[in-house]
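Thanks for coming. I will take one structure and go through it piece by piece. Please have a look at it before I start.

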Amino acid sequence: MWYSTNLAPRAQIGYSTGTYMVIVGHCHTMPMEIEMTLNGTERTFEAERSDSLLDVLRRNGYTGAKRGCDTGICGFCTVTVDGEPERSCIKPVATIDGTAVETIEGIGTQDDLHPIQAAFVDNAALQCGFCIPGMIMQSRSLLANNPDPTEAEIREGLAGNLCRCTGYEKIIDAVQDAAERMSGEQTVVTDGGDLTHETAGCSSQDWSRGECDE
Ligand code: FES
Ligand code: FES
């Protein structure tokens, strides 16, 4: 059924002018069910046909993906769909049915950060933080396709993700650092501390308590 709440009653349903038929809008309230594997768990969400993936995620508590421009430009809302980075604000949720979606909530926890998250923390690659979930999801896809990117490749890979705070330099450093960590060349820590004791089987806490030999 064609329907728009913004127009006069006759225009809402479409009417004949005698020369042509006016048809406007479509039903924004018709509910539908969307099934997806979200961060490894099969989920079913109720949605409206006009919803974006970001609408559905945020309405259901997955607020890691941020709403910035809402027009596909800033990258703040980046998630992956079947392994590919997507701007969830412009991804119609109807196209998501049956796919695998990953959000920032699925790649690490506060106590067990993903190596990219840890690298962003340890390189102080964030200020307000609003761009960071999208930046990390995009970086993750970049490193999955290119585990050892050059600085130019990182800049190109993140060109669609805007940051109004950092000037990007520390973000580039963090992605280079993450590439090293993920290649196994560097042990992952999340406190920016000396790594040598970690490799000796001594935790940061043990080290800070002076319980480890130098
Ligand atoms: S909020 Fe989606 S690209 Fe800006
Ligand atoms: S840290 Fe503020 S927008 Fe990137």
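This is a predicted model: local features need pLDDT of at least 70, side-chain atom pairs count only at pLDDT 80 or more; totals for chains, interfaces and linings use all residues.

Over residues 192-214, how many contacts beyond four places in sequence does the model have? The model has 18 of them there, and pLDDT stays under 50 over that stretch. As for the chain as a whole, the average pLDDT is 82, and 72% of the residues score at least 70.

Now the sheet. Five strands make up an open sheet, and the order across it is β4-β3-β7-β5-β6. The pairing is mixed. At the edges are β4, residues 41-48, and β6, residues 84-87, each of which pairs on one side only. If you ignore direction, neighbouring strands in this sheet are turned by 45° against each other on average.

Let me stay with β7 and its two neighbours. In general, strands of a sheet pair through backbone hydrogen bonds, and the pairing is either parallel or antiparallel. Which of the two do we have between β3 and β7? Strand β3, residues 31-38, runs parallel to β7, and 3 bridges join them. One place to look is Met36, whose bridge partner in β7 is Thr99. With β5 the direction is antiparallel: 2 bridges join β5, residues 78-81, to β7, residues 99-102. You can find both pairs by eye. Thr80 is opposite Glu102 of β7, and Val81 is opposite Val101 of β7.

Next, the helices. Helix α4, residues 132-145, lies across β5 and β6, and runs at about 40° to β5.

The last item is a pair of helices. In general, two packed helices are described by the angle between their axes and the distance between the axes. Here the pair is α3, residues 115-122, and α6, residues 169-182. Their axes come within 8 Å and cross at roughly 135°. Why are α3 and α6 called oblique? An angle over 145 degrees would count as roughly antiparallel, and 65 to 115 as roughly perpendicular; the crossing is at roughly 135°, so α3 and α6 are oblique to each other. The crossing is right-handed.

Which residues make the contact? From α3 they are Pro115, Ile116, Ala119 and Phe120. From α6 they are Ala174, Asp177, Ala178, Arg181 and Met182. Sorted by type, the contact has 7 nonpolar residues, 2 charged and no polar ones.

That is where I stop.

Key: Residues are numbered from 1 along each chain as its sequence is written. Chains are lettered from A and ligands numbered from 1 in the order in which they are written. Axes are lines fitted to C-alpha atoms, for helices over the stretch in contact, and angles run from 0 to 180 degrees between N-to-C directions. Helices (H or I, at least four residues) and strands (E, at least two) are DSSP runs, numbered from the N terminus. Angles under 35 degrees count as roughly parallel, over 145 as roughly antiparallel, 65 to 115 as roughly perpendicular and the rest as oblique. A crossing is left-handed if the near helix is turned anticlockwise from the far one by less than a right angle, and right-handed if clockwise. Two residues are in contact if their C-beta atoms, placed from the backbone, lie within 7 Å. Ala, Val, Leu, Ile, Met, Phe, Trp, Tyr, Cys and Pro count as nonpolar, Asp, Glu, Lys and Arg as charged, and the others, Gly among them, as polar. Two strands pair if DSSP finds at least two bridges between them. pLDDT is the predictor's confidence in each residue, from 0 to 100.
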